[in-house]
Amino acid sequence: MEKMLEDNINAPAETVVGPSVKIQGDLNSEGNIRIEGQVTGKVKTSQSVFVNQGAKIAADILAGNAVIGGDIQGNLKISGQLILQNTAKVTGDISCSVLRVEDGAQFTGKCAMNGDTGPVVSTKKEKVPQLEAEE
Amino acid sequence: MYYYILDQHNLPIDKFERLQTELQGLLTEFKISGECARVTPLRSVADLVDTASQRGAKTLVACGSDDTFNLMLAALRGRDFTLGFIPFDEQSYLAKILGVDNLFTGVKTVAARRIEKIDLARIAGNYFISYLEFGVMSQDLKSANWLTSLKLLSTETKSYTIRIDDSYNVNIDALGGLAVNIRSTSSKNETIANPTDASLDLLLLEKLNKADILRYRKIIAMGCLEEVPKTTVIKCKKMEFLEPRGANLTMLGRVVAKFPATVEIIPQRLRMIVGKNRTF
């Protein structure tokens with residue numbers, strides 16, 4: 001499943017929000033959504049949401065699956081798999097079935113798996129400073 | 001009963017009369033003759049649609065250019081007809097979409113009477129099946145050479161505001177865009193520009209660098225904006241073009257409305273006679 005979602009990252013989406021687009025309101029779609037611009041409001045689809053690096057979202061996201069590489073301020077309610085890429089910055093609560101957090105991703109909030117209120121995680125992973133090259 | 005609306009439009013009179021004779025011969029040959037009426041300065045396409053309605057015609061066939069068909073659609077005003085199209089113009093865009101390449105194929109298609117239900121779009125009381133253009137997409141990019149394309153696509157962007165499905169506003173600095181129901185590359189299997197999916201597609205073209213303009217200019221001219229990087233694609237049932245006020249919305253180069261304007265889709269509204277080689 002994880003592989004399939006990653007394979008779909010570059011697949012054509014039904015809704016594509018380009019880098020210079022600003023959306024205000026409730027963005028609903030029946031297909032995949034790819035966001036490269038800014039969204040304020042709510043994002044909802046039964047399919048997958050791909051938030052690319054550089055995207056800025058101040059909205060709750062309800063989706064089947066999600067791959068996050070941008071900046072999100074809002075709650076993520078994902079029924080399937082959620083991937084936080086190394087460029088992701090999420091401030092909000094997460095609910096999902098499967099979670100993968102890549103090195104460098106930043107997340108501040110509560111995390112509930114399978115809709116359980118279960119163990120609450122609050123993390124903020126700092127980026128590892130790069131070693132200076134020896135001369 | 002079949003009602004044929006014959007329109008000379010921009011054709012030279014001798015060519016039109018030759019096509020008219022050829023058409024009447026073919027209609028008799030295929031046993032689909034009905035009433036033929038010719039558009040004149042005193043009898044517009046709309047007048048002929050009214051006449052067809054009064055005479056109880058069930059099938060209206062536009063014989064002429066894309067404009068003839070579009071004018072016929074606009075004149076329907078909610079009346080229920082099955083529509084057909086026989087092209088008199090080899091460059092017809094609709095003919096390509098509907099799979100009727102020429103006069104002979106057009107008549108053969110009407111005779112075969114393969115009917116598809118397709119979505120109909122509405123703007124300011126007018127109906128259309130193809131697409132609307134705005135901004136740089138209203139320009140004649142198809143016939144432009146690379147230098148003209150470069151010049152046209154290097155113009156400054158405009159700030160557009162479009163409200164979608166009464167749900168959210170889209171603000172974008174764009175060169176222009178399209179509101180598409182059907183285009184010549186439409187397909188039932190495609191998610192974009194599918195005329196049977198009960199949706200319109202809004203495609204917005206952002207500013208490109210020179211290398212991308214030269215690389216994608218032909219794709220842009222074909223209207224396949226989704227293949228161009230950074231293009232915004234939104235599927236919806238209703239779009240309200242709010243800003244900039246006064247900007248033109250055109251269809252095949254003809255201005256049909258100005259901002260602010262609302263475009264809506266009416267799902268599966270149109271019964272259309274289509275050819276085997278249709279693009280959807």
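Where is the place of B:Ala193 in chain B? B:Ala193 sits in the loop between strand 10 (176-180) and strand 11 (200-205) of chain B. The model is predicted. Chain B carries 7 helices and 16 strands, and 55% of its 280 residues count as buried.

**Chain B as a whole**

- A compact globule of 280 residues would have a radius of gyration near 19 Å, and chain B, at 19 Å, agrees with that.
- Along the principal axes, the C-alpha atoms of chain B fill a box of roughly 55 × 40 × 40 Å.
- Among the contacts in chain B with a separation of 6 or more, 69% are between residues 24 or more positions apart.
- Chain B has an accessible surface of about 12,000 Å², and carbon and sulfur atoms contribute 48% of that surface.
- The side chains of chain B include 37 positive and 32 negative ones, and the centres of these two sets are 2 Å apart.

**Aromatic rings**

- Over all chains, the structure contains 10 aromatic pairs.
- One of these pairs is formed by B:Tyr160 and B:Phe259, with ring centres 6.0 Å apart and planes at 55°, so the pair is tilted.
- This pair links distant parts of the chain, since B:Tyr160 belongs to strand 8 (residues 158-164) of chain B and B:Phe259 to the loop between strand 15 (254-258) and strand 16 (261-273), 99 residues apart.
- B:Tyr160 counts as buried because its relative accessibility is 1%, under the 20% limit.
- B:Phe259 is also buried, at 3% relative accessibility.
- Ring pairs join B:Tyr160 and B:Phe259 with B:Phe134 and B:Phe241 in a cluster.

**Cis peptide bonds**

- Most peptide bonds are trans.
- B:Phe259, a member of the ring cluster, is joined to B:Pro260 by a cis peptide bond with omega of about 0°.
- B:Pro260 is in the loop between strand 15 and strand 16 of chain B.
- Another cis peptide bond connects B:Glu243 and B:Pro244, with omega of about -5°.
- B:Pro244 is located in the loop between strand 13 (238-243) and strand 14 (248-251) of chain B.

- Most residues other than glycine have a negative phi.
- B:Ala193 has a positive phi, near 60°, and is not a glycine.
- The relative accessible area of B:Ala193 is 0%, so this residue is buried.
- B:Asp165, likewise not a glycine, has a positive phi of about 50°.
- B:Asp165 lies in the loop between strand 8 and strand 9 (168-174) of chain B.
- With a relative accessible area of 32%, B:Asp165 is partly exposed.
- B:Arg77, which follows helix 3 of chain B, has a positive phi near 50°.

- Helix 3 (residues 66-76) has 9 buried residues out of 11, so it is largely enclosed by the rest of the structure.
- The buried residues of helix 3 include B:Asp66, B:Asp67, B:Thr68, B:Phe69 and B:Asn70.
- B:Met72, B:Leu73, B:Ala75 and B:Leu76 are also buried in helix 3.
- Helix 1 (residues 13-29) contains B:Gln20, which is buried with a relative accessible area of 17%.
- Apart from neighbours within four places in sequence, B:Gln20 is in contact with B:Leu6 and B:Arg38.

**Two buried loop residues**

- B:Ala144 is in the loop between strand 7 (131-135) and helix 6 (146-153) of chain B.
- The relative accessible area of B:Ala144 is 13%, and this residue is buried.
- B:Ala144 touches B:Ser149 and B:Arg217, if residues up to four places away in sequence are not counted.
- In chain A, A:Gly69 is in the loop between strand 7 (65-68) and strand 8 (71-73).
- A:Gly69 is buried, with 1% relative accessible area.
- A:Gly69 and A:Val51 are 18 residues apart in sequence, while their C-alpha atoms are 5.5 Å apart.
- Leaving aside neighbours within four places in sequence, the contacts of A:Gly69 are A:Val51, A:Asn52, A:Gln53, A:Gln85, A:Thr87 and A:Ala88.

Definitions and conventions:
Residues numbered from 1 in each chain as written. Chains lettered and ligands numbered in written order. Predicted model: local features only at pLDDT ≥ 70, side-chain atom pairs only at ≥ 80, totals over all residues. Heavy atoms only, no water. Helix = DSSP H or I, 4+ residues; strand = E, 2+ residues; numbered from the N terminus. Rg over C-alpha atoms; globule rule 2.2 N^0.38 Å. Buried < 20%, exposed > 50% of the residue type's maximum accessible area, 1.4 Å probe, protein only. Contact = heavy atoms within 4.5 Å. Areas by Shrake-Rupley, 256 points an atom, 1.4 Å probe, with all protein chains shown as cover. Lys, Arg positive; Asp, Glu negative; His and termini not counted. Charge placed at Lys NZ, Arg CZ, Asp CG, Glu CD. Phe/Tyr/Trp six-rings, centres within 6.5 Å; stacked < 30°, edge-to-face > 60°.
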